[in-house]
Amino acid sequence: MTGREAGGDAELKKELDATLHARRELGEEYESALVDSFLAKVEQRLDGAVDRRVRRQLAEQQMVVARGSRSPQGATDSWGERFGFGIVSLVLAVPLSAIGGGLAHLPGLLVAWAGIVGVNVVQAARVTPNFFGRRRAKSDSDWED
């Protein structure tokens with residue numbers, strides 16, 4: 001836990017204690033308003049934390065792109081991931097083929113396999129930038145006018 005998080009937790013604890021104390025003094029008729037107020041403060045705190053994380057991740061991604069890397073997470077197109085995706089795809093192809101063929105005969109089988117092939121093509125295109133054979137021409141460069 002960072003110092004900012006520990007400080008935030010202490011502040012929230014103080015806010016909760018103050019809310020509970022105010023509830024005891026004011027009575028049950030103000031309970032809903034007090035809870036709403038406290039929850040608004042918690043939501044504001046969460047929004048700030050999410051905003052900081054998103055800004056940090058965007059900055060990290062921009063640095064990675066500026067350095068010329070493909071992805072901030074590293075090599076997401078590893079051989080193991082591709083092999084595992086292929087195995088899962090084939091394992092799921094058996095029941096999908098049986099269901100499609102059993103319910104709609106040949107058209108159902110063709111639809112099932114079109115879906116299986118489509119998912120695999122999308123996965124291959126995701127992990128292989130030049131999968132469809134398009135290469136960037138000089139005029140496509142981000143650095144030239």
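1. The structure holds six salt bridges, a salt bridge being a side-chain nitrogen of Lys or Arg within 4 Å of a carboxyl oxygen of Asp or Glu. Side chains of opposite charge can pair when their charged atoms come close. The structure is a predicted model, in which local features need pLDDT of at least 70 and side-chain atom pairs count only at pLDDT 80 or more, while totals for chains, interfaces and linings use all residues. Residues are numbered from 1 along each chain as its sequence is written, and side-chain values use heavy atoms, with hydrogens and water left out.

2. The overall fold should be stated next. The protein has three helices and zero strands, and from the N terminus on its elements run α-α-α. Helices (H or I, at least four residues) and strands (E, at least two) are DSSP runs, numbered from the N terminus. Of the 145 residues in the protein, 12% are buried. Buried means under 20% relative accessible area, exposed means over 50%, and partly exposed lies in between, with a 1.4 Å probe and protein chains only.

3. Arg45 forms a salt bridge with Glu11, and their closest N and O atoms are 3.5 Å apart. This pair links distant parts of the chain, for Arg45 is in helix α2 (residues 31–67) and Glu11 in helix α1 (residues 3–26), 34 residues apart. Arg45 is partly exposed, with a relative accessible area of 30%, and Glu11 is partly exposed at 45%. Lys41 forms a salt bridge with Glu15, the closest N and O atoms being 2.8 Å apart. Because Lys41 lies in helix α2 and Glu15 in helix α1, this pair ties together parts that are 26 residues apart in sequence. Lys41 has a relative accessible area of 32% and is partly exposed; Glu15 is also partly exposed, at 26%.

4. Other charged residues deserve mention. Arg23, Glu28 and Glu31 are linked in a network of salt bridges. Arg126 forms a salt bridge with Glu81, with the closest N and O atoms 2.6 Å apart. Arg126 counts as partly exposed at 42% relative accessibility, and Glu81 is partly exposed with a relative accessible area of 29%.

5. How far apart are the end C-alpha atoms of α2? They are 54 Å apart, which agrees with the 54 Å that its 37 residues should span at 1.5 Å a residue. The expected span of a helix is 1.5 Å times one less than its number of residues. In α2, Leu34, Phe38 and Val64 are buried. Gly68 follows α2 and has a positive phi, near 95°.

6. Helix α3 calls for separate comment. The helix has 49 residues, but its end C-alpha atoms are only 10 Å apart, short of the 72 Å that a straight helix would reach at 1.5 Å a residue. Where does α3 have a kink? A kink of about 150° lies at Ala104, shortly before the proline Pro107. The bend at a residue is the angle between axes fitted to the seven residues ending there and the seven starting there.

7. His105 is found in helix α3. Most residues other than glycine have a negative phi. His105, although not a glycine, has a positive phi of about 55°. His105 counts as exposed because its relative accessibility is 58%. Buried residues in α3 include Ser89, Ala93, Gly100, Gly108 and Ala112.

8. The record should be read beside the model. In UniProt, the annotation "transmembrane region" (unreviewed entry) covers residues 83–104 and 110–128; such annotations may be inferred rather than shown by experiment, and positions are given in the numbering used here, with feature names shortened. Residues 83–104 are 100% helix and 0% strand, with end C-alpha atoms 31 Å apart. Residues 110–128 are 95% helix and 0% strand, with end C-alpha atoms 26 Å apart.

9. A nonpolar patch on the surface has about 870 Å² of accessible area together, and among its residues are Leu109, Trp113, Val121 and Phe131. Patches are made of residues with over 30% relative accessible area and no salt bridge, like charges being joined within 9 Å and nonpolar side chains (Val, Leu, Ile, Met, Phe, Trp, Tyr) within 5 Å. Accessible areas come from the Shrake-Rupley method with a 1.4 Å probe, and for residues only the protein chains shown count as cover. Leu109 lies in helix α3 (residues 79–127) and counts as partly exposed at 31% relative accessibility. Phe131 is found in the segment after α3 and is partly exposed at 38%.
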